[in-house]
Amino acid sequence: MKKDIILAGVGGQGIISLAAIIGLAALNKGMYLKQSEVHGMSQRGGDVMSNLRISDNPIYSDLIPCGQADLIISLEPMESLRYLPYLNPHGWLIANKAPYVNIPNYPNLDDIYKEITRIEKHVLIPADELAKEIGNEKVVNMIVLGASAPHLGFGKEEMLDAIRQMFKNKGEDVVNQNIQAFEIGYNFKQN
Amino acid sequence: MNKLLLLGDEAIAQAAIDAGLSGIYAYPGTPSTEIPEYVHASKQAKELNIVASWCANEKTAMEAAIGMSYAGKRAMVTMKHVGLNVAADGFINASITGANGGLIVVAADDPSMHSSQNEQDSRFYGYFAMIPVFEPANQQEAYDMVHYAFDLSEKYGLPTLIRITTRLAHSRSGVIRKEQVRPQNSLKLPEDLRQFVLLPVIARRNYKKLLSLQDKLEFEAENSGYNQYIEGTNHSLGIITCGIAYNYLMENYPNGCPYPILKIGQHPIPKKMVKKLYDSCHEILVIEEGYPLIEDHLKGMLNLGKPVHGRLDGTLPRDGELNPTLVAKALGLPATMGLPIPNIVTPRPPVLCKGCPHNDTYLALNEALKNYSKGRVFSDIGCYTLGALPPLESINTCVDMGASITMAKGAADAGLTPAIAVIGDSTFTHSGITGLVDCVVHNSNVKIFILDNFTTAMTGGQPSSAYNRLVDICKGVGVPEEHIRVLKPLPKNHEENVKAIQEELAYNGVSVIIPQRECIVTLNKRMREKFKKQTV
């Protein structure tokens, strides 16, 4: 198996912990992994992305070549579009529907949704709303991860194991909240 | 075998700990910060009593490392590429003194300027100093090279330079550790106690020794295994790669590259290996992250030999970092490409955080300067540089660490009075104090804002050497006490702060205004930790 994944969002939204969970699932299967991150100035509310590459075979480049990403997973709708040149023609685009508006000229939301739904394989998930429904706004990224999971190439149990590992030091409550959020995303059906 | 998942930065740090490091010195700077941070947080390093120090600037860090090497122990000093400019005096002269205990300098370059003012290539500094330079291609090599670089440093009594770039620094991969952790050196002074005395008579002798070692260093580069000649079947092209450029090449040839490759990871340039490639191939392509150092050497001034392609002839872009797609194009391979970015996608530049004290300071400064002509605010390097962007547009310059104060002085001398300087607390102790001395000595009409948020914020909240010392430092340097004004930048204090600033603007002389409030990011982090402790 080989998956090239672009994780996108705005600095501070928590894409690194998403990458860490997928990375754990890959390491548990003895896969190779490379994950490049953004540190420094861009973290201050700017656009950020992480390249996550997992494979059964050794990986050379830390960066994904244009047109070869299997998935774009984005915690923000406009940010999902910024990396379209990297997506392969049959790749999945999974985006959170809730915008992060910290610029004065944020584009019209419907135009953004229109661009996203033009992609052949897409999931546009109202993760912020779903998180509010269960009264836990901290798990938005876990809901988006759940929605991505069917396309990551891991079994559901493998993903749940990685989540348990990731949060085990924070206690059973935190583990269960994150699993609950993951399930909501996993069971989300696009209209 | 137990693999650790490490950033390139962390691989260097773990390797140093495992290789018998006694001390690491640094001023934080992207993309190098995670090297010392890892050692600071390492339980193993604590148990081994390894000294980990945040220093006032890269020069003081460099000199502390040279001092530890003098005392016979292994030392590492880390910095971003522009930090090596600050440390250059000590760095270049350390190649003349030589090392005693193993000494490694790590410079992390930032091609494409993700978080920097330029994309200078630190390998040139290595050649300038005439010491071995390492360019790891991946996290494992970074780990392994640290051990070898310490060995080489002690074998020849020279400092060594490890040069990495952003992508390796900030990318994670599995790293296999060496099974044995080496013991630290014991205290042992140089056999010749005048080795580090660079009086001309001694420096001339040391310099001749450095020159005489060059052939040996090249021999090491030919034989260490970090420069590899990989034979190919198609000799129409020979390829030289440096550091991580090798990965981008091989990404394009998953089943093996048809052309012979010279993979370079250690300098000085292994000339015999280069000649072998040059003689056996019709044309040469040089792929290097950074400036065209090897390409330029190979071409020579007149470019009379075989065709040499790379950044200089446009086969690869002249600036910016490389990636697999650019390398595919350079090789004439069909590059894959997704869809274009839709036009509605707008840039999202970084911004000051919500609740950031700098925001309140700038709002007050903007209002206080309302009646003055624009273009008189000289600033510096830190989060507050974002004050150049809309909506604040408060500052007019950002050149190098500390330049706000000294540039304001020069502009004031030219008649632009009052000239304003805006500098962070950590940047002030890094390189601002000496500029303040100049201003006081000449009684320049400058208004210096030291934005005191109690931390080095931009790089993630490392301790600031200025903490609790700013007023005393300014008094000690000779700023009149009544013109050192400490403000609290909060929206509710806006009117009061504007008034204080205006009073200082009206004074003809040196004023220091210190808006003082904790960085909102470190404050939130502190509160979270406090809450966690209370609930446990």
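How much area do chain B and chain A bury between them? I looked this up in a predicted model, where local features need pLDDT of at least 70, side-chain atom pairs count only at pLDDT 80 or more, and totals for chains, interfaces and linings use all residues. Residues are numbered from 1 along each chain as its sequence is written, chains are lettered from A and ligands numbered from 1 in the order written, and side-chain values use heavy atoms, without hydrogens and water.

**Entry: area.** I found about 3,900 Å² buried between the two chains, 58% of it on carbon and sulfur atoms. Buried area is the accessible area (1.4 Å probe) that two parts lose on being put together, summed over both. In chain B, Glu251(B), Ile344(B) and Arg348(B) lose the most area to chain A, together 20% of what that side buries.

**Entry: residues.** I noted 45 residues of chain B and 44 residues of chain A in the contact (heavy atoms within 4.5 Å).

**Entry: salt bridges.** I looked for a side-chain nitrogen of Lys or Arg within 4 Å of a carboxyl oxygen of Asp or Glu. That rule finds four salt bridges across the interface. One of them joins Arg53(A) to Glu251(B), with the closest N and O atoms 2.7 Å apart.

**Entry: strands.** I then checked strand E2 (residues 32–36) of chain A against E8(B) and found three bridges, running antiparallel. Strands here are DSSP runs (E, at least two residues), numbered from the N terminus. Two strands pair if DSSP finds at least two bridges between them. Lys34(A) has Ser173(B) as its bridge partner in E8(B).

Note on methods:
Helix = DSSP H or I, 4+ residues; strand = E, 2+ residues; numbered from the N terminus.
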